[in-house]
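Subject: the structure, and what turned up in it

Hi,

Here is the structure I promised you. Have a look at it first, then read my notes below.

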Amino acid sequence: MRLTATELSPAERALKQEVREWLDERLPEGSYPLGLGMGGAVDPEFSRDLGAQGWIGMSLPSEYGGHGRTAVDRLVVVEELLARGAPVGYHWIADRQFGPGIAANGTEWQKETFLPGIASGEYSFSIGMSEPDSGSDLASVRTRAEQVDGGWRINGTKIWTTGAYTATHIVALLRTSEDRHRGMTQFIIDRHTPGLTVSPIEFIDGTKDFCELSFVDVFVPDDRRLGEVGAGWSQNTGELALERGGVDRWMSVMALLDRWVRQEAQRPGGHAAELGALTARAWAFRGMSLAVARMVDAGQYPVTEAALIKEMATRFEQDCTDLMVRRWGRTPRPDSDDPYERLLATAVQVAPAWTIRGGTNEILRSVISKGLRKNA
Amino acid sequence: MTHEVDPDLRDMLEDFFATEVTPVVVEEAERAGTYAADVWKKAESLDLPWIGIDEECGGAGGSLADLVTLVAEAARRATPAPFVEHHLAAWLVAQAGLDRIEGPLTVSGLTETVEVSGDRLTATLPEVAFAGDASAVVVLAKSEGADVVAVLRPAGATLEPHADIDGTPVPTVVASDAPVVVAPLSVTAEDVRRRALLLRSAVLAGLTRAMFELTQSYTAERHQFGKPVGSFQSVQLHVVTLAQAAEMSQVCVDRAAGALSIGGGEFEVLATAAVTAQNAVQGARSAHQAHGAIGMTREYALQFLTRRVQTWRQRWQSQSDVEDAVAGWALEAPSLSGLIARHREEGVVA
Ligand SMILES: Cc1cc2nc3c(=O)[nH]c(=O)nc-3n(C[C@H](O)[C@H](O)[C@H](O)COP(=O)(O)OP(=O)(O)OC[C@H]3O[C@@H](n4cnc5c(N)ncnc54)[C@H](O)[C@@H]3O)c2cc1C
């Protein structure tokens, strides 16, 4: 493995400037609830406005409402969003992985049906992978899709499905045969399909984005099957580079850090060494994510690289949170009048999830070491 | 000298809290924004809240070692009741030579200076845990330069509701020309803060032990890839980290209690506060990591512990201030090796 250093081109820098100016107008400070990176608020109206700018589904082909732009262009846009703790929750998953997933594996009909709604910010997607007995061992999923006349009948339970309550669609990884890895298939399921019940599970900070999905004899037509029967696992693996290598894996607390640094600057005899170390690492992670985005644009699948970054970047986010809490002088209050203090109180509660979601650090370490052995 | 904890007392306390404080009790108290009144009543009937207060002052007697055991065992079950606050308040009342006041009591004035003039108090007291449920707020205060105790009845004040990260009600108590009973204190404000820091450390030690126990049993039960996740080395590392944290914190708390009980003990209490906070924070990370998604939900009991870690790690004094204070000792000591190995007996540091 060898990442290649890269910088933004003039055109990419111009895009960054354009996004900044637009966000200054659309999201003035104080006009929106501050979020933690990809965990930003669900705000369909903001997602539609962003879509109208052409900044969702950027890499999708233009005949399906996309803009034929690059992964680096997307990075440029999302880093501006995350730096402000913008309300990206509604469109995040569709933009990051299922837009590209459907573009790569979908039928003509699926591309025509789903991609324009993704690019316009109207569709919100959730990831239906985990089950009560299948977390890290995802290949053991049991929720079954049985072939019936004209389609499939689904029975079983999915869990930890972030955002399912407000989503329009769920991409579910379902068992279609007994073969451990080749017996899984992806389906695009409407959130309001009869027989599908979505129940919120209260998260540690009291929010209700986490959901449980119960499927009882849910019928989906065959045209909702994404990719070949049995191709679910390899499609899923292909999405991982998109899911893991991005700036969203180390920017969860960027809105907090920005403010914290301004505060530290005013403190005499501050903690310059810690601030310096943190700044340097943040810069380093930014460079790595950019390098991975260039690889994606070159048609590569940097799955190992993405895992390598996520494993350490999520620990960095936790370290930053801890540092801010220590320097706050007391435990931040969840009902403070100061929105930053409230966000810090949320961050300190939800931070443990960053090294769990999207593959735990333990699993990532074995993914990385397998990848390193293969490339050696 | 060892600082042995009375094993019978520890067993009794362990049983008591294990039986009385179920996750349902913790959850209900939080939802209602109050304390577990039934648990408190039962504890009262056994005189538990009065452990560590001298008998001649209306307490149940017992050593500091007994007291930290009580506090740690209560924390181990995430007990939503003011054992720490009540003790500090009752101890202040006793040190001021006042008669016992029936509880639950709570305490204020540990983080900021409160001035009282005559027998009237005008002050805004932030984050007074369980003030809405307490029969009195006992305030560490200053009157004409001297350390005093001021006893404020809630009826004389207004409360602005707030809740902590762990759901504990921590209202702001606003007293405006409220009548208070004031008495001079026979110990210094520093003594009071040291005791508070020791009890905070005991809470963190109890929480850390509980996180260890929960993680150990969960990782033995949860199967992935056809075996218990606890059989994977990287998960074992988390369990080991927690075991290390739990043992280290408890030993430190017991030693600091011993040092404090023979007078002085400032360095030991500060070092213990630094260690127990670090261990609890690290332990919470490991516990969550080993649990996966389920540990992040309100349905599962881990969050009762880890949210409490977040509130207690900086209760009354920030972690960085504690660490700075420990550093101060190191910089002033003739040698670091001498400082950490010093031997203490009644009032003598060798
Ligand atoms: C905030 C959040 C959002 C999420 N959103 C979604 C979502 O939208 N859709 C979805 O499908 N899922 C989602 N998840 C679920 C997530 O993918 C799983 O939590 C994750 O894969 C781990 O599974 P688990 O929680 O069952 O933990 P387990 O697999 O039970 O793991 C428990 C512990 O064992 C370790 N472990 C397990 N196997 C091994 C091994 N072979 N070697 C070493 N260690 C091992 C783990 O690393 C962990 O420390 C979300 C999770 C979180 C926390």
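Which backbone oxygen does the side chain of T272(B) reach? Before the answer, some housekeeping. This is a predicted model, in which local features need pLDDT of at least 70 and side-chain atom pairs count only at pLDDT 80 or more, while totals for chains, interfaces and linings use all residues. Residues are numbered from 1 along each chain as its sequence is written, chains are lettered from A and ligands numbered from 1 in the order in which they are written, and side-chain values use heavy atoms, with hydrogens and water left out.

Back to T272(B): its side chain reaches the backbone oxygen of C252(B), at 3.2 Å. T272(B) sits in helix α8 of chain B (helices are DSSP runs of H or I with at least four residues, numbered from the N terminus). With a relative accessible area of 4%, T272(B) is buried (under 20% relative accessible area, using a 1.4 Å probe and protein chains only). Leaving aside neighbours within four places in sequence, T272(B) is in contact with S201(B), C252(B), V253(B) and A256(B) (contact means heavy atoms within 4.5 Å).

Just after α7(B), G263(B) takes a positive phi of about 100°.

The contact takes 42 residues from chain A and 34 residues from chain B. About 3,200 Å² is buried between the two chains, and carbon and sulfur atoms give 50% of that (buried area is the accessible area, 1.4 Å probe, that two parts lose on being put together, summed over both). On the chain A side, I204(A), R326(A) and R333(A) lose the most area to chain B, together 21% of what that side buries.

There are 6 salt bridges between the chains (a side-chain nitrogen of Lys or Arg within 4 Å of a carboxyl oxygen of Asp or Glu). R330(A) forms a salt bridge with E127(B), with the closest N and O atoms 3.6 Å apart.

Cheers

Technical notes
Helix = DSSP H or I, 4+ residues; strand = E, 2+ residues; numbered from the N terminus. Buried < 20%, exposed > 50% of the residue type's maximum accessible area, 1.4 Å probe, protein only. Polar contact = N/O pair within 3.5 Å; in protein donor to acceptor, adjacent residues only side chain to side chain.
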